[in-house]
Amino acid sequence: MSESPKPVKKVPIHLQSAQNRVYIRNGEIVNHDRSFKADVYIEDGIIKFVGPASEITIPGGVRTIDATGRLILPGGIDPHTHMQRPVGDTVAVDDFYRGTKAAVAGGTTMIIDCVLPKKHESLVEAYDKWRSWADPKVCCDYGLHVGITWWSKSVSEEVAILCKELGVNSLKMFMADKGVYMLNDSELLDVLEKIRSLNGVAMVHAENGEIIAKNTKNLLAEGIRGPEGHELSRQEEVEAEAVFRACTLAHQMKTPLYVAGVTSKSSAEILGRARRSGYCVFGETLARSIGLSMNGVRKSERIYFITSPPIRMSPETPRQLMKSLAYDDLQVTGSDNCTFNKSQKEAGSGDFTKIPNGVNGAEDRMSLMWEKGVHQGLLDPCRFVAVTSTNAAKIFNIYPQKGRIAVGSDADLVIWNPQATRTISKATHHHASDYNIFEGMTVHGVPECVLVRGRVSAENGVVRVAEGFGRFIPMAVRPPFVYDIIEGKVQSTEEPPQEEYHNGGLSKKFAELDIQIPAHEPISAMIAGNLPMPGEGSICSTPSNRGRVDGKRDLQESSFSISEELDNSGVRSSIKVKNPPGGKSSGFW
């Protein structure tokens, strides 16, 4: 691991001098909707000016940073982390200090972690425990989701307290982990209904827990105990079925849904189809699924890559997921950072059910997205900002405080060198883990300078963070980006950007992508894995129209109804979508 300076304690803002005032000149600002040349002036952790140098007089005692030839990006927002998460008898080695330090090193300036109460544990008490872990340690700002791991009248009452009093607007349900976190369909419906009544955002980990439990039992009985049993127990269609079911349940309860950790092409396709049919759903994929497939991992090393949903075997999956981000079937990228040392993983070498699930990603997420997205021509820089920062800020109601470079926004900024490269390695990363799943990968896109609320926290590879400098950011209910859609309000359409940063023939590359999109296929084919890249616009699309096909669908001319076929054992064998010509729907909801 890298040798970087020891953590420094929080410094009073009035003693920070030049740390308190920063002027960035000659850079190109990239927001989710446009890019443009401008200077940025920061004071007291807030952006005070964005514009040409001729329009500002800089006061004394200011640190000036020359960003010539560089991009100035909003700091990354990682909406999916698990710092110092207890898992069985062990604990993830990245605590809130090491985890947020690694995040800052990679250009991420805010994380949203997830409180996971034990069965029958008070949600509020678990929330207080997570706050006590995080507040003294975080190097950047953070928020919290809260997991609904069991359901009762008291849990329902505590959900209301979390949303109304404690700054939580997102509640996460698990369709897997039977006997630990999993809720059944009846409970899911009750939770969704409660979340909707509070104007919150429902989140879900989507895998069919019943199938996983049955497959696991059968695999162990057959003597399959190694890490290969993990993916065999939860193959791609197991995720896809749960994604489809989650969309249906949420739609029935008129609740906005955020599907966390999408790892397969089929699941992304189902989300895209649901969005084009008017469902208010959002999809997140992960750094690990964008960065690699298991196809290139030696069998002897696969135990260290175990996580859920699993990293898929197909080498085509990362590119297909990136296309789904480009076309707005998916909107967000997280890391699901939950790191363990090799010895912790090896404790499950004789039983794949005992392998602690989780890998790194918080530090490398931004560079991996640039390498696999922008550098390879599937995203432009504005869409990169959308899927690494702005969309998460909008969905979780912290925009434009976060996720945008504008006057009044927090000064969470990254000065980004789009041409520079770095090679990922456990020898230089800032995680506490003793390996890195992206070891040896060379990526374009390097954060040369990272500012957390105006404080230079990483510069030219040197990370000097202040332990406890980060703040808890309350996330209010009823995010307009989400609820304006549900309530049928007309959203203002942002004007097309006047200036665009093009990454070497980007328009031509998207034209090539357009040609690859075949006609619609039924969802039964999608779940079977025979999946086209859909190309129609979405009512839930991000304000930036980059990276998706233009076009509108008349929601009054479609329906998204379900018919099921059961096999002899009563298990759903296929799911079909009826879309009759001239069929009428009841509108968005």
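Trainee: What share of the contacts with a separation of 6 or more comes from residues 24 or more positions apart?
Mentor: In this predicted model, such residues account for 77% of those contacts in the protein chain.

Trainee: And how many residues are there, and what percentage count as buried?
Mentor: The protein chain has 589 residues, of which 61% count as buried.

Trainee: How many helices and strands does the chain have?
Mentor: The protein chain contains 16 helices and 23 strands.

Trainee: Is the crossing left-handed or right-handed?
Mentor: The crossing of α7 past α8 is right-handed.

Trainee: Which residues make that contact?
Mentor: From α7, the contact involves Glu 236, Glu 239, Ala 240, Val 243, Phe 244 and Cys 247. Helix α8 contributes Lys 265, Ser 266, Ser 267, Ile 270, Leu 271 and Ala 274.

Trainee: How many of them are nonpolar, polar and charged?
Mentor: By class, the contact of α7 with α8 has 7 nonpolar residues, 2 polar ones and 3 charged ones.

Trainee: Changing topic: where does Thr 307 lie?
Mentor: Thr 307 is in the loop between α9 and α10.

Trainee: Buried or exposed?
Mentor: Thr 307 is buried, because its relative accessible area is 2% and the cut-off for buried is under 20%.

Trainee: Which residues does Thr 307 touch, leaving aside those up to four places away in sequence?
Mentor: Thr 307 touches His 230, Arg 288, Asp 336, Asn 357 and Gly 358. For Asp 336, which is 29 residues from Thr 307 along the chain, the C-alpha separation is 9.3 Å.

Trainee: What about Lys 299: where is it, and is it buried or exposed?
Mentor: Lys 299 also belongs to a loop, the one between α9 (287-291) and α10 (317-326). Lys 299 is exposed, with a relative accessible area of 68%. The C-alpha atom of Lys 299 is 9.9 Å from that of Gly 226, although 73 residues separate the two along the chain.

Trainee: Finally, confidence. What is the average pLDDT?
Mentor: The protein chain averages 85, and 80% of the residues score at least 70.

Trainee: Where does pLDDT stay under 50?
Mentor: One such stretch is residues 7-17, with 18 contacts beyond four places in sequence in the model. Another is residues 490-589, for which the model has 215 contacts of that kind.

Terms used. Residues are numbered from 1 along each chain as its sequence is written. This is a predicted model: local features need pLDDT of at least 70, side-chain atom pairs count only at pLDDT 80 or more; totals for chains, interfaces and linings use all residues. Side-chain values use heavy atoms; hydrogens and water are left out. A crossing is left-handed if the near helix is turned anticlockwise from the far one by less than a right angle, and right-handed if clockwise. Helices (H or I, at least four residues) and strands (E, at least two) are DSSP runs, numbered from the N terminus. Contact means heavy atoms within 4.5 Å. Ala, Val, Leu, Ile, Met, Phe, Trp, Tyr, Cys and Pro count as nonpolar, Asp, Glu, Lys and Arg as charged, and the others, Gly among them, as polar. pLDDT is the predictor's confidence in each residue, from 0 to 100. Buried means under 20% relative accessible area, exposed over 50%, partly exposed in between (1.4 Å probe, protein chains only).
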